[in-house]
Structure formats: C-alpha cells, structure tokens
Amino acid sequence: MDKITLGTRNVSIEFPGVKALQNVSCKFESGMAKALIGANGAGKSTLMKVLAGANPTYTGEVYFNGKKVE
C-alpha cells in the first residue's frame, strides 16, 4: 500500500491583531503517529483548519502526496 503524505511549507496566517501561524513547515505520513502539542492559542487548531481546507486565507503551500493543493 502506498503511503499518503500531507504537509505544509512556510504556512502563515494572521487574524486582526494576531499572528496565528508563522512559517510552519511539517509533514504527516500514513502509518506514522505524530502529536501536535502547544499552549492555548499556539495555533494547533488553526493549522488543522488550514490542512482541512476550512481556512483558505493562509500564505505558503499545502501539499498532498507531493502535489500542491489550494
């Protein structure tokens, strides 16, 4: 079975008065366990919303299986 990859390169997002993410690069592969931890307000949920396509106002790139997605 082929591995599925999902990742980001230099993803940033701002809300009025708040820089929620700044140049976040990460990679998630099927079959691998990873944890995303941080304090309240660190941007964990915001990153997940970017990866899910629920928040399209980011800058940077999101990749699925090596191909850039919008």
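Residues 24 or more positions apart make up 50% of the chain's contacts with a separation of 6 or more, a contact being heavy atoms within 4.5 Å. The model is predicted: local features need pLDDT of at least 70, side-chain atom pairs count only at pLDDT 80 or more, and totals for chains, interfaces and linings use all residues. Residues are numbered from 1 along each chain as its sequence is written, and side-chain values use heavy atoms, with hydrogens and water left out.

**Fold and overall form**

- The chain has one helix and four strands. Both are DSSP runs numbered from the N terminus: helices are H or I with at least four residues, strands are E with at least two.
- The order along the sequence is β-β-α-β-β.
- Along the principal axes, the C-alpha atoms fill a box of roughly 45 × 25 × 20 Å.

**Surface and burial**

- The accessible surface of the chain is about 5200 Å². Carbon and sulfur atoms contribute 55% of this surface. Areas come from the Shrake-Rupley method with a 1.4 Å probe; for residues, only the protein chains shown count as cover.
- Of the 70 residues, 24% count as buried. Buried means under 20% relative accessible area, exposed over 50%, and partly exposed in between (1.4 Å probe, protein chains only).

**Charges and rings**

- There are 9 positive and 5 negative side chains. Lys and Arg count as positive, Asp and Glu as negative; His and the chain ends are not counted.
- The centres of the two sets lie 5 Å apart. Each charge is placed at NZ of Lys, CZ of Arg, CG of Asp or CD of Glu.
- Lys 34 lies over the face of Phe 28, at 5.9 Å from the ring centre. The rule asks for NZ of Lys or CZ of Arg within 6 Å of the ring centre and within 35 degrees of the ring normal.
- The count of aromatic pairs is zero. Rings of Phe, Tyr and Trp (its six-membered ring) pair if their centres lie within 6.5 Å; planes under 30 degrees apart count as stacked, over 60 as edge-to-face and the rest as tilted.

- Thr 5 is found in strand β1 (residues 5-15). Thr 5 counts as buried because its relative accessibility is 18%.
- Leaving out residues up to four places away in sequence, Thr 5 touches Lys 27, Phe 28, Glu 29, Tyr 63, Phe 64, Asn 65 and Gly 66.

**Positive phi**

- Most residues other than glycine have a negative phi.
- Asn 10, also placed in strand β1, has a positive phi near 55°. Asn 10 is partly exposed, at 41% relative accessibility.
- Asn 65 has a positive phi near 50°. Asn 65 lies in the loop between β3 (59-64) and β4 (67-69). With a relative accessible area of 40%, Asn 65 is partly exposed.

- Lys 44 is in helix α1 (residues 44-52). Lys 44 is partly exposed, with a relative accessible area of 26%.
- Leaving out residues up to four places away in sequence, Lys 44 touches Leu 36, Ile 37, Gly 38 and Ala 39.
- Lys 44 and Ala 54 are ten residues apart in sequence, and their C-alpha atoms are 14 Å apart.
- Ala 33 sits in the loop between β2 (18-29) and α1. At 80% relative accessibility, Ala 33 counts as exposed.
- Ala 33 and Ala 52 are 19 residues apart along the chain, with 18 Å between their C-alpha atoms.
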